[in-house]
Amino acid sequence: MKTTTNLKFIAVASMMLLFNFSLFAQNANRPQYMSVTTNHWNMDKDDFSMSDWKALEKEYLQKVVSKNEHVTSASFYTHLFSPDNTEVLYVQTYPSWEAMDKAAKRSAELEKQAWPDDKARANFFKKRNDYFAAYHSDEIYAPIDGAKLLPADNTKDLVLYVRKTYFTFPEDGSQKEFDEMRADNFAKVLSKNEYIKGYYPNVHAWGSDKTEFIEAFFVDSLCDMEKMFDKNGELISQAWPRDSGMERGKKWGKYFTGKHGDAAYTLIAELSK
């Protein structure tokens, strides 16, 4: 690929991110950044107890995370189906980029307040960290407009279905066309699908792949996830019947590579802020 083409792709990618940020800024109730930490269970831990782990995380949530004003929300997700059954996702959202740095510093302060005795604090974190392997990975995403929000008082464990697709940034495409199609799909399909309890679209902000487009769907169960797919198909056929659907599919498809990945996790509601 020629260098000039690469530069055009980068320019379009930057334009998309900036445009989405400007739209997002209109909704002050939504966070602007989301960090996703992928942890892995310590498979060598002989005395593993899910209830004990939840108790440790609940204590940390109550004493630190819930009191951290720089963290908008936080939640844990355990593996249902994905390439790695040891995965445990931890997600935090923030009102700004600066808040991420402030959140880390504030957590350190709250930890010392919660466990003022150095020995007691070290013992707590040793027990907490012992549930996970030493390695983990981090990504930062930017939430964009077009979300279907979960109720703020949700107390039910839900299934999180994550679909990851990859932008191509076509030269014959436009931000206007892409956003109009995405808004149309939300209005005619996603917002009308009763099986979708929550929907959150996100784009890459910092990490290994700037082409990532992450969509998070919350449903009540794995059975409802299947029903969600079927209902989406029905609504799409109703909104764009026959040839209009094929034409729209071609337009939409040019913005993506055609490759996608799927995974499902369980939201642990009791460990959520």
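Helices (H or I, at least four residues) and strands (E, at least two) are DSSP runs, numbered from the N terminus. This is a predicted model, in which local features need pLDDT of at least 70, side-chain atom pairs count only at pLDDT 80 or more, and totals for chains, interfaces and linings use all residues. Residues are numbered from 1 along each chain as its sequence is written, and side-chain values use heavy atoms, with hydrogens and water left out.

**View A. Leucine 110 in helix H3 (residues 97–114).** Leucine 110 has 3% relative accessibility and therefore counts as buried (under 20% relative accessible area; exposed is over 50%, partly exposed in between; 1.4 Å probe, protein chains only). Beyond its neighbours within four places in sequence, leucine 110 is in contact (heavy atoms within 4.5 Å) with Lys63, Val64, Lys67 and Asn68.

**View B. The salt bridge of glutamate 69 and arginine 106.** A salt bridge is a side-chain nitrogen of Lys or Arg within 4 Å of a carboxyl oxygen of Asp or Glu. Here the N to O distance is 3.2 Å. Glutamate 69 lies in the loop between helix H2 (50–63) and strand E2 (73–81), and arginine 106 in helix H3, 37 residues apart. Glutamate 69 counts as exposed because its relative accessibility is 53%.

**View C. The salt bridge of lysine 227 and aspartate 224.** The N to O distance is 3.9 Å. The two residues are separated by about one helical turn, because they are 3 residues apart in helix H6. Lysine 227, at 39% relative accessibility, counts as partly exposed, whereas aspartate 224, at 14%, counts as buried.

**View D. A network of salt bridges.** Lys45, Asp47 and Asp130 are linked here. The whole structure holds 20 salt bridges.
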